[in-house]
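Let's walk through this structure together, beginning at the ligand and then stepping back to the fold.

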Amino acid sequence: MLKQIVFIIVLLITLGIFSYTLRNLILLFKQTKPFPIKDFGKRFLMMLKIAIGQTKIFRKPVTGLMHALVFWGFCVITIGSLEMVIDGISGSERIFSFIGIFYNFIMASDDIFAFIILIMILLFIGRRLFLNIKRFTGIEMSHKNHIDAYIALSMIMLLMVSLLGMNTFYLGSGNEIKGFYPVSSIFASFFSNINNNTQYILYEFFWWMHILLIFAFANMLPYSKHFHVFLSVPNVFLSRLEPLGKLYNMENVAKEVKLMMNPETAFTASDSNTVPERFGVKDVEDVTWKNYFDALCCTQCGRCTDVCPANITGKKLSPRKLMMDLRARMNEKGSGLIKNGKEFNDNKSLIKDYFTSEEIWACTTCNACANECPVNINHPSLIIDMRRYLVMEESSAPSGIKAAITNVENNGAPWQYSPEDRLLWTKEINL
Ligand code: SF4
Ligand code: SF4
């Protein structure tokens, strides 16, 4: 009974802290712009293929398999964690064991995956420590980012150690054994000379260690790059279905064009006075909620920057940095926006103070970054919106682009010749 009371208090504290974080995140999302989502059936299939099947991650077969094993392992282990929470509240022990043979299967998978994840995490830590992986470096990767990664990896390692420790001493605790634990059975054989009472105490110790680590980890994730543990599956579900190269029209500009083409049908009475608040994206309040979701979901893996032709050829642009900058800027400005509304101005902006014009114009819009990102983040659409702001509100663009835009405006083509002269060349060949 005492265990139940303590557990419920700890659970309520955990849920309280998590709800506070969630509330703050919802308030931040409210500062962003809408982004419509439809075609749920197609999205579900894409989620199964890319998020659950981990298909993109397998483009690098070895690290891809390592990461996929950790992901699938987490999915299985979550069932065991859910059982622990129900056991903790109700005072039961291994409450899911009523499902019989399936329970043996789930617990065996849980036990095997805990061991596999432990090995993979040790390899990931070793890789970060001893191999000089280029994609883990870059101007955006500060010491803090690396520490963040080590903390999260260490937490996962301790989670697996505590899970295996719990299973190992459960087997020698004198309790009626429910489930099958192939890996922990081997470990348990090393401790067979310890009496049941001591093993029971060790079992309880690891049970509490494991559940407290889960609670701490869940509350730590939203503040770290490992938030993708929660967000990667929904982010893939919400990602764009259209071809990556397709540009979204700006609604108000499209109306202006329609007005020029056909003034009578361009506007309905209700929307004729709509004035856009802003063309494109200057700061965090101009991005869509999906852009911000992308930024929160970014794992900082660097796969996008690794394939970016601008970055490879020595330009300052890094698509990973764009996601990290957006998240950092929202952390900086978000509370001011929540408190003072959209008019809040701290004399800084995402463009210039975080992501410079030089970076924005270095993009070739090749979409390699979006194609490579394992969680389907779309960087180019945000870069294009930032360009739209620069061009339409600040008349700022590299001179070559300005000349092309002026020519399109004057000549209907990016060249500096009049449309009337377009067929002059045919005279020379006597057509
Ligand atoms: S779309 Fe832009 S940011 Fe993405 S890979 Fe290509 S050049 Fe780099
Ligand atoms: S945007 Fe995607 S590919 Fe790039 S670092 Fe983030 S998760 Fe990795």
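Keep in mind that this is a predicted model. In total, 14 residues surround ligand 1. The closest of them are Cys308, Cys363, Cys366, Ala368 and Cys369. What kinds of residues make up this shell?

Now turn to another part of the chain, where helix 5 (residues 143–171) packs against helix 6 (residues 182–190). Their axes are 8 Å apart and meet at an angle of about 65 degrees, and the crossing is right-handed. To find the contact on your screen, look on helix 5 for Leu164, Asn167, Thr168 and Leu171. Their partners in helix 6 are Val183, Ser184, Ser185, Phe187 and Ala188. The residues of this contact comprise 5 nonpolar and 4 polar ones, with no charged residue.

Finally, step back to the whole protein. The fold has 20 helices and 0 strands, and the C-alpha trace spans about 100 × 50 × 40 Å along its principal axes. Of the 431 residues, 29% count as buried. How do the contacts relate to positions along the sequence? Among contacts with a separation of 6 or more, 75% come from residues 24 or more positions apart.

Definitions and conventions: Residues numbered from 1 in each chain as written. Chains lettered and ligands numbered in written order. Predicted model: local features only at pLDDT ≥ 70, side-chain atom pairs only at ≥ 80, totals over all residues. Axes fitted to C-alpha atoms, helices over the stretch in contact; angles between N-to-C directions. Helix = DSSP H or I, 4+ residues; strand = E, 2+ residues; numbered from the N terminus. Left-handed = near helix turned anticlockwise from the far one by under 90°. Contact = placed C-beta atoms within 7 Å. Nonpolar A, V, L, I, M, F, W, Y, C, P; charged D, E, K, R; others polar. Near = placed C-beta within 6 Å. Buried ≥ 20, exposed ≤ 12 C-beta atoms within 10 Å, placed from the backbone.
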